[in-house]
Amino acid sequence: MAEILPRRTRASKPKVKSGCLTCKERHVKCDEGKPQCTRCISSGWKCDGYLDPFRQQSFNDRERPSVSLEMSPYAAHDCRHALNFRQYVAFRVSSPLYHEIWTQTIPLLSDSLPAVRYAMLALSSQYDFLVNEKGISYSYLAKKKVSQYSSQQYGKAIKRIIQILDSQANFRETLSEILVTCLLLISYELLRGCGTAALTHLDGAIYLCSLPAARSRNFTLGSLSSADAVLTAMDLIERAFLELELQATAFVGARIPRLVLSKLYRPTNSPCSSLMAARDSLSAIEVRVFQFIRHVATKWKYYKPKQRSPTEDFQSDIYGLNSAIYERNILLGDLQEWESSFEAFIKGISPSNLSSSRHFASDCRRIETNSTLLLSFLTTFIMLSTSLEPEEATYDLFFIKFTKIVTLAEEILARRFLEEHPSNCSCWERKSFDCSIFQLDMCVVFPLYFTALKCRDHRTRVHSLSLLRRSGREGVWDGELMALVAERVIICEEATAQVLHNLRFDEGKCFEDSIQGPETIPEFARVHGTSIDLDGSRIKLSCSRRIPLIGDVTRWEYLKFTLFPRTSDIP
């Protein structure tokens with residue numbers, strides 16, 4: 001008879017409640033290794049640390065919000081994504097001017113506003129999923145689980161907003177929840193690469209911001225009881241929506257900005273009172289510039305008076321053209337006044353304020369903001385100055401400004417990289433770096449893309465291409481994809497110039513030393529307008545240029561290309 005073996009029993013051990021968040025969510029035992037537990041590393045999971053924030057070192061020396069992590073609305077498996085948002089995502093997504101919204105206001109409101117909480121968790125988990133796709137070793141099931149969780153939280157946020165709208169609740173109490181949630185959902189869709197959905201959320205938020213209740217700030221904002229706190233928070237949120245509106249206007253050629261700040265800002269010759277005041281004043285001018293370019297400049301840019309037209313129509317056209325020139329000169333004067341006031345503000349900053357190492361992080365953010373504002377000013381100034389000029393050769397007059405754009409952009413990217421990797425300077429010198437995965441606000445990608453298209457100096461535009469490929473993603477602007485488009489335009493222009501000068505042209509080596517100055521590229525070879533359509537794994541590029549015929553007669557030539565970016569570059 002077979003011997004009956006005793007039943008094996010698992011040795012009982014006391015449960016450990018201080019394990020890392022990842023092991024708690026997976027319901028496995030944690031060895032509590034610091035800074036990352038061995039179980040997570042060996043199984044291919046990312047260790048998200050521990051609940052107590054004082055037992056973890058932050059990813060850099062930036063300041064952290066003093067928000068309690070004892071949040072009753074959160075389930076246990078939500079805590080690690082909430083902590084990830086506070087310690088990582090909020091600082092990576094936001095620009096220096098809007099850190100307060102992301103690091104303090106949104107985490108605080110997420111405790112009392114369900115839609116904000118769901119949207120925050122969706123953005124945090126989606127950002128975590130994007131980081132995993134960029135090279136962190138994760139198992140397939142782990143990435144799939146994070147992606148599903150992100151979609152679930154996004155659906156909960158949408159469902160909550162629909163419930164608010166259907167219930168006809170007190171609009172004064174629910175408006176703030178919808179606006180803050182829209183800001184998070186826009187970031188979520190841009191992070192996923194869904195620009196159309198992001199524009200839908202942005203249009204809804206702009207409509208709400210234009211309502212009398214929003215303009216008068218006559219509503220509550222979650223757990224913020226102070227009227228001053230509500231006013232400050234909503235001013236920052238409105239500014240964030242305006243930045244997104246300007247970004248969408250720059251990307252979508254037919255879009256006209258509709259959002260204006262509740263407070264009207266006019267440039268003055270006196271120094272700016274703060275960086276935020278300088279940003280507000282410049283944003284107000286940029287809105288007027290884009291409205292002028294879309295409404296007025298497109299009508300008169302290629303206008304030529306007809307000899308046989310009736311006298312009244314001819315005089316009316318001349319009057320309209322002179323009015324457009326007058327309006328453009330007024331806007332140029334406002335931009336020049338802003339430049340003078342901003343330079344006076346920069347000179348007024350005492351050098352002693354920048355010497356303290358205790359404020360090094362805030363000083364770096366201030367320097368980056370200064371460079372960002374100058375980049376935006378230079379790009380807007382060139383766009384406005386050439387808005388009524390039909391010849392592309394007009395851009396050659398702004399070579400110095402294009403050079404300054406490239407220099408400022410390189411300084412910003414270098415500062416970002418060295419701030420995140422202070423001990424890895426050799427990568428920057430070898431230009432083998434990736435400065436940013438995703439940032440919500442537009443900073444360097446659009447100015448570099450604009451420079452690569454419109455500056456015909458070979459060395460400058462190639463340098464801008466090099467920086468563009470490593471600038472990451474900024475909202476709807478993808479640096480890698482924009483570099484691919486700009487490179488195709490440069491090939492198109494310089495190939496024609498090489499044929500004209502009887503030079504050898506090789507499709508694989510389009511950047512030859514023989515194409516140096518802008519004078520080597522004739523006017524008929526220069527591309528006037530470009531439009532792109534991201535169709536799955538392909539980019540459909542359309543370009544147009546003017547071909548002279550007889551006398552003043554010209555015809556438009558339309559070129560179409562299909563580009564295939566690398567799979568890893570597609571959002």
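**Helices 16 and 17**

I opened my notes with helix 16 and helix 17, which run roughly antiparallel to each other. This is a predicted model, so I read every value here as computed. The angle behind that label is about 150°, and angles over 145 degrees count as roughly antiparallel. Helix 16 covers residues 445–454 and helix 17 covers residues 458–468, with 8 Å between their axes. I also looked up the handedness: helix 16 passes helix 17 in a left-handed crossing. On the helix 16 side, the contact is made by Val445, Leu448, Tyr449, Thr451, Ala452 and Leu453. Helix 17 answers with Thr460, Arg461, Ser464, Leu465, Leu467 and Leu468.

**The whole chain**

Next I stepped back for the totals. I find 18 helices and five strands in the chain. Of its 571 residues, 50% count as buried. I then checked the contacts with a separation of 6 or more, and 68% of them join residues 24 or more positions apart.

**The annotated stretch, 19–47**

I turned to the UniProt record, an unreviewed entry, which places the feature "domain: Zn(2)-C6 fungal-type" at residues 19–47. In the model, that stretch is 41% helix and 0% strand. Its end C-alpha atoms are 10 Å apart.

I picked two residues from the loop between helix 1 and helix 2, starting with valine 28. Valine 28 has a relative accessible area of 29%, so I log it as partly exposed. Which residues does valine 28 touch, not counting those up to four places away in sequence? My list has Cys23 and Arg39. Valine 28 and arginine 39 are 11 residues apart along the chain, and their C-alpha atoms are separated by 8.9 Å.

Glutamate 32 sits in that loop too, between helix 1 (21–26) and helix 2 (38–43). I made a note of it because most residues other than glycine have a negative phi. At 25% relative accessibility, glutamate 32 counts as partly exposed.

**Helix 4**

Is helix 4 (residues 99–109) largely enclosed or open? I found eight of its 11 residues buried, so helix 4 is largely enclosed by the rest of the structure. The buried ones are His99, Ile101, Trp102, Thr103, Thr105, Ile106, Pro107 and Leu109.

I looked up threonine 369 in helix 13. Threonine 369 is buried, because its relative accessible area is 6% and buried means under 20%. Leaving aside neighbours within four places in sequence, I see threonine 369 in contact with Pro96, Leu97 and Leu275.

My last stop was serine 387, in the loop between helix 13 (360–385) and helix 14 (399–420). Is serine 387 buried or exposed? Serine 387 is buried, with a relative accessible area of 6%. I then checked the polar side chain: one of its polar atoms lies 2.8 Å from the backbone oxygen of leucine 384. Not counting residues up to four places away in sequence, serine 387 touches Phe292, Ile293, Ala297, Lys301 and Arg328.

Definitions and conventions
Residues are numbered from 1 along each chain as its sequence is written. This is a predicted model: local features need pLDDT of at least 70, side-chain atom pairs count only at pLDDT 80 or more; totals for chains, interfaces and linings use all residues. Side-chain values use heavy atoms; hydrogens and water are left out. UniProt positions are given in the numbering used here, feature names are shortened, and annotations may be inferred rather than shown by experiment. Helices (H or I, at least four residues) and strands (E, at least two) are DSSP runs, numbered from the N terminus. Buried means under 20% relative accessible area, exposed over 50%, partly exposed in between (1.4 Å probe, protein chains only). A polar contact is a pair of N or O atoms within 3.5 Å; within protein, one must be able to donate a hydrogen and the other to accept it, and residues adjacent in sequence count only if both atoms are side-chain atoms. Contact means heavy atoms within 4.5 Å. Axes are lines fitted to C-alpha atoms, for helices over the stretch in contact, and angles run from 0 to 180 degrees between N-to-C directions. Angles under 35 degrees count as roughly parallel, over 145 as roughly antiparallel, 65 to 115 as roughly perpendicular and the rest as oblique. A crossing is left-handed if the near helix is turned anticlockwise from the far one by less than a right angle, and right-handed if clockwise.
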